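Please open the model in your viewer and keep the sequence panel beside it. The tour below moves from one selection to the next, and at each stop it says what is there.

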Amino acid sequence: MANMQKPSAEQIWRTVAAITATDPFRKSDRMTGLLTYLVTQVIEQPDTRITAEAIAAALFNRTDDFNAVDDPIVRTTVSRLRAALLAYFADDTRTDDVEIRIAKGSYTPEFVHRGGKRSEYTREPGGPAKDEHRPVFSRASALIGLGAIGGVLALLALGAWLTMGRTRDETGYMPRIFVQPIKVLAAAGDAQALAAEAGDVLVATLSNVGGAAIVDSDRNRPSPGEGATSSDYELQTTLREGAGDLTVSWRLVDPETGIVLWAASQTAAKNGAGTPQQVASLVASKVLGLDGAVPILQSRVVNSNELTRCFSNARRILFVYGEETQQQTVDCLDRTLSSSPNFADGWAMLAYSNYRLSTYAVSKGEDPAPYIAKATAAAARARELAPQNFLTQEALAYIAFSTGDVATFKSIASTLLQRYPGDPDIKVRFGLRLATVGEEEEGRNLVKEGIAAGAASSSAAYMSLAFSAYTEGRDREVIELLEKGRQGSDYLYEVLKTAAYGQLGDAENARTARDELLKIRPNYARDFPKDAANRRASPQLTERLADGLRKAGLEIQ
């Protein structure tokens, strides 16, 4: 029977990685870039129609006067891609969970469980190749850096990066980003002044985020040939003023070949949106954030060693998936750090992953102390190496949270939220925990903003909103929120589902959810009180959870 759930983004990206590892794609930068761009569009911008003009501008450096009839580059490349996908999935030895199809007359991929139902990501075909002209980037009503980020168009074209087999330098898998001065496309006094000041702020902001070595190209230029021995990117940022708005566009370019590897843009109202800090925060979060360009590009590397591959994947999945991946991530990072002991970001991620393992340990009746000790030591090492890096500060925040130092946690969270207001995943992760330590309204609002902005950790976001709804007695809404956000397996999903059905008096569903919970936490009736205390759950939530679990048949201590 076909899987009736939609394929997850991670399943889809695993399939893309497998496809682009095959000879037809390794030999064609153009098809690799096109496939990645189209998949990204459907996942990240499901309501935006994909047009030939958008593809031409993003991947083939065509200008606004591009005409799909006179210039067939998009149509012919999509046709080649369609044929290559059909050939790939015609091979019966393929083990991918998801099949990717592009219907004739459409530029929109469909994601289908192998032999099964079309994904909810799938849209109706976008029409024949002769498209009406539309702007490449959609407009957003939200202000840059304030609230949810709307209208962000991530254009991921991996191009030659996949096939060149670049190696990292020996200092620890650190790509270099050469930051170009910000340019203004529609000249005006205000925009020129903003560009000049925002350029300096952008260099500083990127440096503080971590994850890459930042070079100010206004002062230093990459030497010819250096890109062949390290992961180098040139970051080009532009500002364009409209009648009442400001568009910030940025792209990553291979400095050797000039191939555009990634590009994105956001348009926002001018009123209050155009400060240097807001521009810099927006670009930094989209270049180096959890679901930013560089982590995604690195995670797609095929011809690299196992440590590089597992590290880049670890950074992306660390805050997204449940306990089944955490020990693998720790093992991966341990191996990486044994050969690169001065890699600050690796130590910070190791601290966070051990913190996560400590929370799972309590829920299983195990001693969390060894994990907390490892997390604390890793965070201290990250602080020695890079005290102001984003991941270091985040690791220190979670260590404070795990030891009950709520004041320090809130202080660090507040600082990072102000420093990086444009990153939706920061809002989700800190919002979730702020809600549990008494800042219910602030935490819930941050989580909602993160969801609206397309946070990669949306599963955790919906879980957080479900806990808030449960605390307030909205049990039917709890079930709806859990179904929206489910991704992978997480015992908390089963805990909350069991309790909600217990409160609703739905004996059959409560029993089913309880049985699923006991499969992964056989002694949860005994371990619940310690688990709730360890997660800093409020007395009101703790008591209501215990009541719902009892109504579902668990003998809570």
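Begin by selecting helices H22 and H23, which pack at an angle of about 170° with their axes 11 Å apart. The axes are lines fitted to C-alpha atoms, for helices over the stretch in contact, and the angles run from 0 to 180 degrees between N-to-C directions. That angle makes H22 roughly antiparallel to H23; angles over 145 degrees count as roughly antiparallel, under 35 as roughly parallel, 65 to 115 as roughly perpendicular and the rest as oblique. If you show side chains, the contact is made by Tyr524, Phe528 and Ala532 of H22 and by Thr542, Leu545, Ala546 and Leu549 of H23, where contact means heavy atoms within 4.5 Å. Sorted by class, these residues of the contact of H22 with H23 are 6 nonpolar, 1 polar and no charged. In this sorting Ala, Val, Leu, Ile, Met, Phe, Trp, Tyr, Cys and Pro count as nonpolar, Asp, Glu, Lys and Arg as charged, and the others, Gly among them, as polar.

Before you go on, note that this is a predicted model, in which local features need pLDDT of at least 70 and side-chain atom pairs count only at pLDDT 80 or more, while totals for chains, interfaces and linings use all residues. Residues are numbered from 1 along each chain as its sequence is written, and side-chain values use heavy atoms, with hydrogens and water left out.

Now select Arg536, which lies in the loop between helix H22 (524-534) and helix H23 (539-551). The phi angle of Arg536 is near 60°, a positive value in a residue other than glycine. Is Arg536 buried or partly exposed? With a relative accessible area of 22%, Arg536 is partly exposed; buried means under 20% relative accessible area, exposed means over 50%, and partly exposed is in between (1.4 Å probe, protein chains only).

From here, move to Thr359, which is found in helix H12 and counts as buried at 6% relative accessibility. Although Thr359 and Asn534 are 175 residues apart in sequence, their C-alpha atoms are 7.2 Å apart in space. Not counting residues up to four places away in sequence, Thr359 touches Tyr491, Asp531, Asn534 and Arg535. Staying in helix H12 (residues 344-363), pick Gly346, which is buried with a relative accessible area of 2%.

The next stop is a pair of helices, H13 (residues 369-385) and H14 (residues 390-402), which pack at an angle of about 150° with their axes 9 Å apart. H13 and H14 are therefore roughly antiparallel to each other. Which residues make the contact of H13 and H14? On H13 they are Ile372, Ala375, Thr376, Ala379, Ala382 and Arg383, and on H14 they are Thr392, Ala395, Leu396, Ile399 and Ser402. By class, this contact of H13 with H14 has 7 nonpolar, 3 polar and 1 charged.

Then go to helix H18 (residues 458-471) and select Ser468, which counts as buried at 5% relative accessibility. Leaving aside its neighbours within four places in sequence, Ser468 is in contact with Glu440, Arg444 and Arg474. Tyr462 is also in helix H18, and at 19% relative accessibility Tyr462 counts as buried. The C-alpha atoms of Tyr462 and Lys448, 14 residues apart along the chain, are separated by 8.6 Å.

Finally, zoom out to the whole protein, which has 23 helices and 9 strands; helices (H or I, at least four residues) and strands (E, at least two) are DSSP runs, numbered from the N terminus. Of its 557 residues, 57% count as buried. Among the contacts with a separation of 6 or more, 66% are accounted for by residues 24 or more positions apart.
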